[in-house]
There are 2 protein chains.
Amino acid sequence: MVHVLTFRPVILRLKSIIDLAPDDEAAFERLPMTVREFPADLDIVRDGDRPHQCCFVLQGLTCRYKVIADGRRQILAFNIPGDMPDLQSLHLDIMDHSVATVVPSRLGFVPHAAMHELCNSRPGVAAALWRETLIDGATFRAKITGIGRMSARARVAHLFCELLLRLDVIGLADGFRYKLPLTQTELGDALGLSVVHVNRILQDLRTDEIIAVERRTVTILNWEQLKAVGQFDPTYLQLRAKPSVELFGGN
Amino acid sequence: MVHVLTFRPVILRLKSIIDLAPDDEAAFERLPMTVREFPADLDIVRDGDRPHQCCFVLQGLTCRYKVIADGRRQILAFNIPGDMPDLQSLHLDIMDHSVATVVPSRLGFVPHAAMHELCNSRPGVAAALWRETLIDGATFRAKITGIGRMSARARVAHLFCELLLRLDVIGLADGFRYKLPLTQTELGDALGLSVVHVNRILQDLRTDEIIAVERRTVTILNWEQLKAVGQFDPTYLQLRAKPSVELFGGN
DNA sequence: CGAAACTTTGAAAAGGATCAAACTTTGTGG
DNA sequence: CCACAAAGTTTGATCCTTTTCAAAGTTTCG
């Protein structure tokens with residue numbers, strides 16, 4: 001059934017953070033979702049919009065960002081398949097930031113009305129979604145701490161750690177390697193750094209044989225050291241189970 | 001009735017962000033709350049804790065913060081009366097940061113069980129609280145953008161703008177003046193800046209007759225310019241009504 | 001194949017951090 | 001209520017991480 005397949009990353013994601021009852025899962029999958037394909041670098045929702053639907057990333061990569069006065073932007077988060085980048089719009093009518101595709105992506109849309117109905121009839125789903133938005137907040141806190149107090153090198157390392165775990169949950173990590181179709185400019189916008197500096201940090205990390213980034217693929221060569229450099233503690237992601245690869249074995 | 005008085009800032013806060021039904025408000029006020037006084041600089045909840053109750057700021061000032069490896073800290077948010085600094089613990093069992101008093105404060109505590117019960121029996125309250133945690137997230141996003149992409153001067157200005165609006169809602173702003181019992185070190189920890197630099201920025205803002213900070217009191221001398229310097233747009237606070245002072249008149 | 005996008009390199013500049021020390025305010029105990 | 005210690009603010013000087021600017025390579029893709 002095609003419909004089930006399209007919802008798959010979302011279900012994987014929700015199950016990674018909460019013990020979703022089979023009934024709730026089934027009800028979730030019955031949501032009326034419209035699926036659309038988008039090219040790269042297209043705004044899906046804009047700062048100031050009042051959306052009447054929620055967006056699901058089914059395939060590809062999107063980001064949430066804010067633009068400041070001089071035109072530069074700050075990327076707040078990357079959204080991988082299974083993510084719901086504007087879930088907050090369910091309770092906040094006006095957008096305080098934008099959501100855009102980073103690469104060509106397949107997105108699903110569900111009307112707010114249907115989401116509210118589901119939340120009202122199934123407290124389990126409501127709790128799962130609330131929890132999801134709270135993890136979102138926790139991720140923002142980790143980011144604030146990184147940008148506010150940590151070195152450029154640590155921030156880059158932290159981001160690569162976080163992405164490995166999140167991608168692993170939805171089956172998009174291949175051991176210590178994953179596809180990451182980001183330009184260095186985008187990395188800089190996400191980390192509060194200039195492109196030039198991102199480039200130099202990446203070279204340093206490669207020289208130290210901690211990670212390698214080539215052809216839009218990240219390979220983590222030394223996980224322990226990467227975690228140490230990024231001061232990475234996955235608690236904030238609130239994952240229920242250990243990741244499928246032995247990322248945290250022995251300590 | 002003393003009980004009603006203690007809950008007052010929380011009710012004011014909730015009503016500022018949502019149209020709370022009288023029944024919901026009454027039910028909220030019947031929550032079993034334990035009130036305690038705390039001295040300054042005391043941890044209320046610690047990173048790694050698994051709280052079984054929610055904390056309400058009734059009087060004073062608290063902050064949420066994270067400590068990094070070298071011992072420095074990043075303050076994630078200041079909490080004024082009416083705030084619920086660890087509301088997230090309702091759905092995230094383990095704390096990813098700490099909450100501490102900044103000055104001597106009066107806090108209220110409500111068991112998670114009572115909160116869950118209230119949320120289950122009153123969807124209106126659940127929605128209000130969910131909305132509150134989402135605004136929390138929006139505030140984090142504003143902070144990420146500030147620290148990641150804006151100058152020190154802009155960040156300081158933005159913080160003073162935000163605090164005026166939030167304090168106004170609970171009746172703790174006196175026109176363009178409010179008490180802010182923060183040291184410059186604490187301001188620096190919140191803005192990702194060194195004390196020395198905070199000090200210099202404050203002097204600049206005073207020289208430019210934009211704000212004056214003296215004896216723990218902030219006076220905004222030129223609101224329009226402060227907003228401009230901080231690129232402040234209050235949308236993210238999702239306040240229902242215009243603030244009581246004429247902060248946004250004419251534009 | 002060629003244009004556009006992206007990465008890399010070098011050099012110079014700047015914003016902010018750090019260090020050190022003096023000055024001021026606040027709070028406390030005698 | 002004064003004296004003093006502790007906490008907080010201010011100043012100056014120097015250092016350093018990161019930015020900016022500019023231009024040369026390299027990939028990607030139509």
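**Entry 1**

I started at F160(B) and set aside its neighbours within four places in sequence; F160(B) is then in contact with I211(B), V218(B), I220(B) and L226(B). I noted at the outset that this is a predicted model.

I then looked up the largest nonpolar core, which has 145 residues. F160(B) is among the residues with the most contacts inside that core, together with F56(A), F160(A) and F56(B). I wrote the general rule beside this: in soluble globular proteins, nonpolar side chains tend to be buried together.

**Entry 2: V229(A)**

I moved to chain A and found V229(A) in helix 8, residues 223-230. Is V229(A) buried or exposed? I counted 24 other C-beta atoms within 10 Å of V229(A). A residue is called buried at 20 or more, so V229(A) is buried.

With its neighbours within four places in sequence left aside, V229(A) is in contact with R153(A), A154(A), A157(A) and I210(A). I also checked V156(A), which lies 73 residues from V229(A) along the chain. The C-alpha atoms of these two residues are separated by 9.0 Å.

**Entry 3: helix 6 of chain B**

I went through helix 6 of chain B, residues 184-191, and found that six of its eight residues are buried. The buried ones are E186(B), L187(B), G188(B), D189(B), A190(B) and L191(B). What do they pack against? I listed strand 5, helix 4, helix 5 (152-169) and helix 7, each of chain B. After helix 6 of chain B comes G192(B), and I noted that its phi is positive, near 70 degrees.

**Entry 4: two domains in chain A**

I took the domain assignment of chain A, which gives domain 1 as 2-140 and domain 2 as 151-237. Taken over C-alpha atoms, the centres of these two domains are 24 Å apart. Where they meet, 17 residues of domain 1 of chain A are in contact with 14 residues of domain 2 of chain A.

On the domain 1 side, helix 1 (2-17), strand 5 (73-79) and helix 4 (123-149) of chain A each supply at least two residues. I sorted the residues of that side by class and got eleven nonpolar, four polar and two charged.

**Entry 5: chain B against chain A**

I looked next at the two chains: 36 residues of chain B are in contact with 36 residues of chain A. On the chain B side, the elements that give two or more residues are strand 5 (73-79) and helix 4 (123-149). Helix 4 of chain B gives the largest share, 17 residues. By class, this side of chain B has 15 nonpolar, 13 polar and eight charged residues.

How is chain B laid on chain A? I recorded a turn of 180 degrees and a shift of 0.0 Å along the axis, with an RMSD of 0.0 Å. That is the relation of a two-fold axis. The same surface serves both copies, as 100% of the contact residues of chain B recur in chain A.

**Entry 6: DNA strand C**

I ended with DNA strand C, which 15 residues surround. The closest are T183(A), Q184(A), S194(B), V196(B) and H197(B).

Which element gives the largest share of the surface near DNA strand C? I found helix 7 of chain A, with five residues. I divided the residues of this surface into six nonpolar, eight polar and one charged.

Conventions: Residues are numbered from 1 along each chain as its sequence is written. Chains are lettered from A and ligands numbered from 1 in the order in which they are written. This is a predicted model: local features need pLDDT of at least 70, side-chain atom pairs count only at pLDDT 80 or more; totals for chains, interfaces and linings use all residues. Domain bounds come from an automatic or database domain assignment. Two residues are in contact if their C-beta atoms, placed from the backbone, lie within 7 Å. Helices (H or I, at least four residues) and strands (E, at least two) are DSSP runs, numbered from the N terminus. Ala, Val, Leu, Ile, Met, Phe, Trp, Tyr, Cys and Pro count as nonpolar, Asp, Glu, Lys and Arg as charged, and the others, Gly among them, as polar. A nonpolar core is a set of buried Ala, Val, Leu, Ile, Met, Phe, Trp, Tyr and Cys residues joined through C-beta atoms within 7 Å. A residue is buried if 20 or more other C-beta atoms lie within 10 Å of its own, exposed if 12 or fewer, and partly exposed in between; C-beta atoms are placed from the backbone. A residue is near a molecule or strand if its C-beta atom, placed from the backbone, lies within 6 Å of it. Copies are superposed by least squares on the C-alpha atoms of residues with pLDDT of at least 70 in both.
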